[in-house]
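Here is a short note to read with the model open beside you. Take the points in order and find each residue as you go.

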Amino acid sequence: MRISHSRSLVGVAMAAAATLALSACGSSADEDSSAGATGSEGTPETLVLASIPSEDSTSLQQEFALIQQVIEDETGIPVEFQNATDYAAVIEAQRAGKVHIGHYGPFSYATAKDSGVPVQPLGVFADSPDEEPGYRSYALVPAGSDIRSLEDFRGKTVCFVDPTSTSGYLYPSAGLLEAGVDPEADVTPIFAGGHDASALAVKSGQCDAGFAFDTMVTETLVEKGDLAEGDLDVIWESEMIAASPSAVLTTLPQDLIDQLTDIYATKLTRPALVEAGYCAGEDECELPEGTEYGFIPVTDDFYDGVRKVCEITQSSSCAS
């Protein structure tokens, strides 16, 4: 598990963005196989799908494999999956037009959209078709720690996920500020790069406390055997956060945008995947984040709550 201190984050983010952009480009611009190449109507020869980090790259790519296959089958366009090393990489690669579909956190989506990246949401994962999808941020300490509230974080080494992580930085920052603790000046911040890395750094003692989203702690890491129930104490949880969206570049041809929008709304659910023969049963359909249903549509204003938290915190990350 690699953890970077906050002072080195800008360099890491820039390198990651460059790496993703280069890998997305593939070969030279005049080669038909390049991910950036387009046909005469502006349709890409290859669609590039990228995701922010939440777990190790191997499992993340596997989780998106079914989505990748459905998009390829429906559009007839090959899909390349890119696992980004951090949130900034996806933002900057979409800004440069090197990634066509990005799977974001709520904060990183709002940051991308509000900084001029031409994107719109395709949908979010949900556990049922009629729910308002969302999740919470947890503040974590080792079991039995003397730290029992956010006020106790003062003077401690605290693991965050990434400066543009909604549940791994923005909402935790708001919570700390409400507790009278400056997340930049009153703690020693560590950016772990992923929710799993943050939680496991708390478990190992590399951080006195940290933040991660709820099901990473209660389900994913426990099911993988990386955490046992009782390893960590949850001493705070945020209000409900709008779920993570996948967003498409609006510079793509409109007919392709419309087709992708329909795919996410009608093809990428467990019932639809079973009906189309991709899975023998709903339990066998592997989708990211352990979603029990699939995608449901949302619009940009679904993320206004994230923008409001930005107004409250005045976080420098919100202006990035």
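The points below cover disulfides, aromatic pairs, a helix contact and one proline.

1. Ground rules. This is a predicted model, where local features need pLDDT of at least 70, side-chain atom pairs count only at pLDDT 80 or more, and totals for chains, interfaces and linings use all residues. Residues are numbered from 1 along each chain as its sequence is written, and side-chain values use heavy atoms, with hydrogens and water left out.

2. Disulfides. How many disulfides does the structure hold? There are two. A disulfide here is a pair of cysteine sulfur atoms within 2.5 Å.

3. Cys159 and Cys207. These two form a disulfide with sulfur atoms 2.2 Å apart. Cys159 sits in strand S8 (residues 157-160), and Cys207 in the loop between helix H7 (195-204) and strand S10 (209-213), so the pair ties together parts 48 residues apart in sequence. Helices (H or I, at least four residues) and strands (E, at least two) are DSSP runs, numbered from the N terminus. The S-S torsion of Cys159 and Cys207 is about 50°, so this disulfide is right-handed. Cys159 is buried at 0% relative accessible area, and Cys207 is buried at 1%. Buried means under 20% relative accessible area, exposed over 50%, and partly exposed in between (1.4 Å probe, protein chains only).

4. Cys279 and Cys285. Their sulfur atoms lie 2.1 Å apart, and they form a disulfide. The torsion about the S-S bond of Cys279 and Cys285 is about 130°, so this one is right-handed. Cys279 counts as buried at 8% relative accessibility. Cys285 is buried too, at 2%.

5. Aromatic pairs. Rings of Phe, Tyr and Trp (its six-membered ring) pair if their centres lie within 6.5 Å; planes under 30 degrees apart count as stacked, over 60 as edge-to-face and the rest as tilted. By this rule there are 13 aromatic pairs. One of them is Phe125 with Phe295: tilted, 4.2 Å centre to centre, with 40° between the planes. Phe125 is in strand S5 (residues 119-126) and Phe295 in strand S14 (residues 294-296), 170 residues apart. Phe125 is buried at 7%. Phe295 is buried at 1%.

6. Tyr169 lies in helix H6 (residues 166-178) and Phe191 in strand S9 (residues 188-191), so the pair ties together parts 22 residues apart in sequence. Both Tyr169 and Phe191 are buried. Phe153, Phe160, Tyr169, Phe191, Phe211 and Trp236 form one aromatic cluster.

7. Helix packing. Two packed helices are described by the angle between their axes and the distance between the axes. Helix H5 (residues 106-114) and helix H11 (residues 304-313) pack at about 85°, with axes 9 Å apart. Axes are lines fitted to C-alpha atoms, for helices over the stretch in contact, and angles run from 0 to 180 degrees between N-to-C directions. The contact (heavy atoms within 4.5 Å) is made by Pro106, Phe107, Tyr109, Ala110, Lys113 and Asp114 of H5 and Val306, Arg307 and Cys310 of H11.

8. Pro245. This residue is in strand S13 (residues 245-249). Is Pro245 buried or exposed? Pro245 counts as buried, at 0% relative accessibility. Beyond its neighbours within four places in sequence, Pro245 has contacts that include His103, Pro106, Tyr109, Val124 and Tyr303.
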